[in-house]
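I want the overall fold, then the chain contact, then one residue.

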Amino acid sequence: MLHIYRRLWQVNWAEQWQYRANLLMYLLYWLVSPVVYLAVWITVANSQGSVNGLTANDFVTYYLTLLIVVQLTSDITIHLLASKIQDGTLSGDLLRPIHPILTNILVNNIAFKALTFIGLIPIWLILCLLFHPDFSSVTFSSLLLATPAIVLGFTTGFLLGSTLTCLAFWTTRVYAIGEFYTALVILFSGQFVPLQLMPPTIQRLAEFLPFQMFCYVPIEIILNQMPPEVMVRNYAVGVVWLIISMFLFNWVWREGVKRFSAVGA
Amino acid sequence: MYILRLLSAFFKVNVQMMLAYRADTIVNILINLMWLGWELLSLNIIFHNTTNLGGWSLGELIALLGVFRLVNMLVAGLIWPNTEKFNASVRDGSLDYTLLQPVNSLFQVSFSRMVIWRVWDLALGAGLIIIGIRMSGGGATPFNLVSFLFLTVSGAMVIYSLWIVLIAATFWFIKFDNNVTILQALLDSGRYPATIYPGWLRLIVTFVVPIALATTVPLQALRGDLNGWQVLLFLGVSGASFLVASRVWKAGIKKYSGASS
């Protein structure tokens with residue numbers, strides 16, 4: 001099995017290298033929103049000293065950490081898999097004696113992540129020079145404590161993203177549902193603004209949803225802003241959602257493949 | 001007159017194309033509304049924590065959102081689909097047929113594809129602008145209103161000119177599929193006034209990819225931040241950029257050698 005993953009990695013890594021210009025454009029596209037929101041909140045914080053206890057530096061460190069964390073936890077399954085289900089090319093993958101999602105799609109996701117990450121590092125360093133963040137609250141142990149959260153966030157995100165894409169077995173097209181899901185993620189993950197600035201209802205909901213693991217929880221742990229008892233509770237919620245998303249994905253995949261009619265192929 | 005008849009012919013063809021996918025159209029409009037809800041919610045969250053954003057009131061930001069919608073309509077409804085068609089036609093050589101026709105090539109390349117349902121954005125954008133102006137007290141003088149309208153149109157011209165230069169670049173570098181991604185990428189910056197951005201970002205969105213000229217500047221005119229000379233300067237810049245762009249286009253056409261024939 002390990003051998004299969006190694007070979008898949010080589011193939012997907014080479015494939016991603018082919019599109020490195022696209023990757024840069026994707027990075028640029030993806031960077032603009034967080035930088036704009038950062039500018040918005042710095043303006044607000046500077047005009048009144050702080051926002052709800054958050055200073056300008058708190059926003060700078062939050063959004064700069066966000067750029068890295070979201071890059072690590074994000075999932076692109078819908079872009080890889082939806083078209084395969086739609087045009088029927090998934091049939092070829094189904095013939096192989098390995099699970100197509102948990103091998104090829106997963107490794108492709110990670111290869112994409114690795115390459116965009118390499119592109120992100122120099123841009124991130126430039127942004128650090130431009131925004132002068134004070135990262136003194138970050139310690140080695142906070143990074144260590146946040147690592148499982150990032151892995152948990154990616155795994156849950158990958159499984160939920162795959163579940164969502166598998167709805168294409170019934171609906172053929174899933175991009176509209178995908179866009180709706182993206183809006184939910186942006187709203188509840190803390191990608192738009194640190195969750196403590198959200199209206200109280202959204203904050204309460206976010207505590208019970210899987211999305212804050214994609215962004216808010218790892219960031220707050222890295223920045224040493226999360227009290228231990230809150231962290232434990234968030235990890236517990238995260239693990240519950242991991243189990244739920246595993247069951248969901250398994251079920252949707254099993255029922256979906258039964259229905260799969262390979263339209264067009 | 002001739003141009004108008006051609007435009008209406010393009011329009012009819014594209015309406016027929018849209019009617020082939022009716023359910024898609026409805027879903028797209030719903031998604032569009034969802035993002036509008038999201039934009040208003042984010043403004044609500046920001047103004048829950050402050051009374052003004054770098055001197056801009058909530059009403060002014062809603063009007064800015066309206067102008068942003070119009071620019072977005074231009075990019076998503078016209079620029080994006082025509083770019084896809086253009087890139088494909090340079091690669092496979094079918095641009096030859098466009099050039100052979102006795103109509104201005106730039107006109108054809110710019111208007112042959114339209115995403116018709118985006119007209120919806122026009123109504124939405126206009127609505128947001130009117131609501132925004134009302135909310136900010138409606139204290140705009142006739143001069144401010146007129147210069148706002150002129151600068152909105154001229155800002156769109158600047159974006160259009162930049163687009164012409166970007167796609168014309170394809171004539172020199174055939175493999176340049178990413179030609180307009182940079183425009184799309186920076187578009188999101190148009191939702192907020194460029195005056196609050198750090199200097200380097202303001203430089204980029206004003207001079208490199210002038211999104212701010214099409215969104216922030218018209219709003220500044222509406223607020224009365226610009227004097228007559230500045231308004232004239234911006235109108236002049238947009239006229240000049242269109243002239244430069246059409247020159248670049250002509251040079252590009254000369255350079256084009258066809259791919260298949």
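These are my notes, going from the whole chain down to a single side chain.

**Entry 1: chain A overall.** I'm working from a predicted model, so I keep that in mind throughout. I looked up the secondary structure and got twelve helices and zero strands for chain A.

**Entry 2: size and packing.** I checked the radius of gyration: chain A has 19 Å, which agrees with a compact globule of 265 residues, since that would come out near 18 Å. The C-alpha trace of chain A spans about 60 × 40 × 35 Å along its principal axes. I get 35% of the 265 residues counting as buried. For contacts in chain A with a separation of 6 or more, I find that 81% join residues 24 or more positions apart.

**Entry 3: where chain A meets chain B.** How many residues does each chain put into the contact? I get 26 residues from chain A and 24 residues from chain B. On the chain A side, α2 (20-48) and α9 (175-189) are the elements that give two or more residues. The largest share is from α2(A), with 15 residues. By class I have 19 nonpolar, six polar and one charged on that side.

**Entry 4: A:Phe135.** I located A:Phe135 in the loop between α6 (101-131) and α7 (140-166) of chain A.

Notes: Residues are numbered from 1 along each chain as its sequence is written. Chains are lettered from A and ligands numbered from 1 in the order in which they are written. This is a predicted model: local features need pLDDT of at least 70, side-chain atom pairs count only at pLDDT 80 or more; totals for chains, interfaces and linings use all residues. Helices (H or I, at least four residues) and strands (E, at least two) are DSSP runs, numbered from the N terminus. Two residues are in contact if their C-beta atoms, placed from the backbone, lie within 7 Å. Ala, Val, Leu, Ile, Met, Phe, Trp, Tyr, Cys and Pro count as nonpolar, Asp, Glu, Lys and Arg as charged, and the others, Gly among them, as polar. The radius of gyration is taken over C-alpha atoms; the globule rule is 2.2 Å times the number of residues to the power 0.38. A residue is buried if 20 or more other C-beta atoms lie within 10 Å of its own, exposed if 12 or fewer, and partly exposed in between; C-beta atoms are placed from the backbone.
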